[in-house]
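Thanks for coming. I will take a few parts of this protein in turn, so please keep the structure open while I talk.

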Amino acid sequence: MTAPAVQWTGRPTPAEVRAVAAATPPARPRARGGWWALLPALAATALAWWGLESRDLWNDELVTWHATSLSAGQFRMMIGNIDLVHAFYYLIISTVTAVAGDSVTVLRLPSVLAIGASAGLIGLIGRRLFDTPVGVLAGLLFALLPAVSRYAQEARSYALVTLAAVAATWLFLRAVERPTRGRWWAYGVLLVMVGWLHFVALLVVAAHLLYLWRAVPGEEPRWRWSATVGIAGLFVLPLLLLGSRQSGQISWVKNDGDAVLRFLENLTGTTAALAVAGLLAVLAVAVAGAPRRPAVLMLVVWALLPPLVGYLTFAWLHLFLARYFLFTVPAWTLLAAFGVCQSLRLLTRDRLPAVWLVGALLLPALAWQTLPAQEKVRSNEADGQPHYLDAVRYLGQQVKPGDGVAFNDGFGGSSDVARKAVNYGLRDQLQPRDVFVAVPARETGWLTARECKVPTVCLGDTKRLWLVETGHLNDPLAGMPPAREGLLRQKFLIKHVERFDRVRVVLLERKPA
């Protein structure tokens, strides 16, 4: 007997389609177009290097350095109490500083490289979703935003979170275009890194799900995506549960009307840029045809859902702060770039040179408009923090063996920011004894030192005392805790006052017996 003949229906099976796609190399023009992504990557990196050390390390960056200076036991004790959500980032920076040192440049270098890589990947995402002009324009828009420069020059996790979210999106698009086990595994690993760097950025998977549902046919890709996200979630869930218990450390964050306006401005660094990006994003939604609509909707969800969730869950998580949502800025720039390019194509009847020409005019205009904001984010005005660098440099030149140091913020506080600034600035020099500290921060398991309860005992027989003062009163001793202020007035004389930007260094010498 012969086997029954198989009737050819004229349509290949899904398995045959995937086999042909896997065996077919990408077209050469598409491969060549990917090199254009180097343009935004180089532009973003160059802007990040511009004035990299112009601004002092501010409070949060000093916390990063503090975490990298702890022993393994001290680090475990700290993250058990506070900053667990940043633990993975601290481990990355600790590895970098162990190899290259802990200068300002080294501390900020991972953020510089992360923003450069993010701009390049935005170019690749735009090219994959739309075309090369959209990708290049989106990457360059991203590079030119002042907020991007700000966090490219900051020793905190926000630039790395952005890179992880952008890289995960790029790998997701590659996996659904040509599904292989390696691509899905790479996507899953990136999702774990996103969650470990900052779990709020995992909201980007909602955008991925929408694109999968609207643009990718068949059940198998959805099952693979679900399995990948589920496995990644198992690695992130413990950190999410434990980290949520520490949400009280950011209870100072607000979500009132004023905070909403500040959020919108801080997201890009300039209100005008945000307004233009918003208008262009609306335009992108309006002009998107049916083939591009799933991509546009994915970007809309990526841009809007995370801050909306942050606002709605504010009572529990206190996450409504612009820098936590820097990872949504790439979606805004992709929408804006698509709105520009698509509108020009409709107006010029798809003349590609016109798109490049207007892009060449738009980018210099944006650069000129954001220049004042770019200069501001490279100054201490960006943080409103005193200029400790010059003060600490002066202190390091004047201090002698046996000297002590004390701090006064003018409000009776512990002045831990000034304390960390002095510890960092004098880390390789002779450090005066912190006379009013009973237990330093590295041994408390928190980010603050334990203050001395009996000032007379802690002061001892110190003959010379340097006071780092950041109050706003003429009297440098005013505003200290009463017992401490009274002791210094009784025992010491003010010998010299050196003034810097919003900080004074005061030399006190003990009165003759």
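Strands β5, residues 464–469, and β7, residues 503–510, pair in the antiparallel sense, over 6 bridges. Keep in mind that this is a predicted model. Within that pair, V468 stands opposite V505 in β7. In general, strands of a sheet pair through backbone hydrogen bonds, parallel or antiparallel.

The sheet here is open and has 5 strands, in the order β2-β1-β5-β7-β6, with mixed pairing. At its edges are β2 (433–434) and β6 (492–500), each of which pairs on one side only. Helix α24, residues 482–491, lies across β5, β6 and β7 and runs at about 110° to β6.

Next, the nonpolar cores. Which residues touch the most other members of the largest one? They are M78, L129, F172, Y187, Y211, L299 and W302, out of 133 residues in that core. Helix α10 (residues 158–177) gives the largest share, 14 residues. Another core, of 13 residues, lies apart from it and includes A406, V435, M480 and L487.

Back to Y187. Leaving aside neighbours within four places in sequence, Y187 is in contact with A168, L171, F172, V205, H208, W225, T228 and V229.

Last, a serine. S118 sits in helix α7, residues 104–129. Is S118 buried or exposed? S118 counts as buried because its relative accessible area is 0%. Its side chain reaches the backbone oxygen of A114 at 2.7 Å. A polar atom of that side chain also lies 3.4 Å from the backbone nitrogen of L163. Beyond four places in sequence, the contacts of S118 are F142, A159, T162, L163 and V166.

Definitions and conventions: Residues numbered from 1 in each chain as written. Predicted model: local features only at pLDDT ≥ 70, side-chain atom pairs only at ≥ 80, totals over all residues. Heavy atoms only, no water. Helix = DSSP H or I, 4+ residues; strand = E, 2+ residues; numbered from the N terminus. Buried < 20%, exposed > 50% of the residue type's maximum accessible area, 1.4 Å probe, protein only. Polar contact = N/O pair within 3.5 Å; in protein donor to acceptor, adjacent residues only side chain to side chain. Contact = heavy atoms within 4.5 Å. Core = buried A, V, L, I, M, F, W, Y, C linked by side-chain atoms within 4.5 Å. Pairing = 2+ DSSP bridges. Axes fitted to C-alpha atoms, helices over the stretch in contact; angles between N-to-C directions.
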